[in-house]
Amino acid sequence: MGERRRVVVGVSGSLGSLAALHRAAEEARRTGAELLTVLAWMPPGGEHSVRRAPCPPLVSACREAAVERLGTALGEAFPGGLAGVPLQCVAVRGEAGPALVAAADGPDDVLIVGTGGGRWRRWLRPSVTNYCVRHAGCPVLTVPRPQLLRELASFERRNTYHLPLETMEMTGSSH
């Protein structure tokens with residue numbers, strides 16, 4: 001008997017990841033696959049800081065918070081539960097991209113990820129989506145950010161006003 005097909009999805013709790021979670025659930029239901037939700041987490045300061053100053057209670061608290069965040073994300077995405085789809089949930093200690101690629105290691109797996117928050121976020125943190133597309137050994141489906149988020153970002157760009165320096169100084173001195 002062969003391995004069961006899995007749909008692996010990265011979940012962080014963001015609206016983009018919840019959109020990817022919904023798409024992954026649809027794909028799992030459509031194909032009769034198991035849904036594997038993966039939330040990657042890192043200790044504060046990363047692995048380097050934990051090696052320099054180990055603190056097992058802190059790492060344990062971070063792991064528990066990750067498991068809780070994954071449960072919350074599933075509850076927000078599917079308030080009535082997820083009927084008809086075999087579900088497995090894991091919180092993995094590590095960077096999101098490598099954790100997702102490692103999780104989607106079966107010959108028939110499909111990896112589903114939401115697209116990131118735009119070019120500003122990519123400057124601060126590497127793109128998980130790009131990492132998965134480049135390194136996964138299985139098909140990767142990328143789910144665009146929800147339309148509402150794209151419209152909100154566009155609205156914020158159009159309606160950001162920069163006050164002249166003199167106005168800011170006058171406003172600050174009147175308090």
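Does Thr37 count as buried or exposed, and at what relative accessibility? At 0% relative accessibility, Thr37 counts as buried, where buried means under 20% relative accessible area, exposed over 50% and partly exposed in between, for a 1.4 Å probe and protein chains only. The structure is a predicted model, in which local features need pLDDT of at least 70, side-chain atom pairs count only at pLDDT 80 or more, and totals for chains, interfaces and linings use all residues. Residues are numbered from 1 along each chain as its sequence is written, and side-chain values use heavy atoms, with hydrogens and water left out.

Thr37 is found in strand S2; helices (H or I, at least four residues) and strands (E, at least two) are DSSP runs numbered from the N terminus. Leaving aside neighbours within four places in sequence, Thr37 is in contact (heavy atoms within 4.5 Å) with Val9, Val11, Leu21, Leu70, Leu74, Leu87, Gln88, Cys89 and Val90. Leu21 in turn touches Thr37, and also residues including Val9, Leu35, Ala73 and Phe78, when residues up to four places away in sequence are not counted.

In soluble globular proteins, nonpolar side chains tend to be buried together. A nonpolar core is a set of buried Ala, Val, Leu, Ile, Met, Phe, Trp, Tyr and Cys residues joined through side-chain atoms within 4.5 Å. The largest such core has 27 residues, and those with the most contacts inside it are Val7, Val9, Leu21, Leu35 and Ile112. Two or more residues are given to this core by each of strand S1 (6-10), helix H1 (15-31), strand S2 (34-41), helix H3 (56-77) and strand S4 (110-114). The largest share, 7 residues, comes from H3. Apart from this core lies another, of 12 residues, among them Leu36, Leu100, Val101 and Leu111.

Helix H4 (residues 96-103) packs against helix H6 (residues 128-135) at an angle of about 40 degrees, with the axes 8 Å apart. Axes are lines fitted to C-alpha atoms over the stretch in contact, and angles run from 0 to 180 degrees between N-to-C directions. The contact is made by Ala96, Gly97, Pro98, Leu100 and Val101 of H4 and by Val128, Tyr131, Cys132 and His135 of H6.

Ser14 lies in the loop between S1 and H1 and counts as partly exposed because its relative accessibility is 34%. The C-alpha atoms of Ser14 and Ala73, 59 residues apart along the chain, are separated by 8.3 Å.
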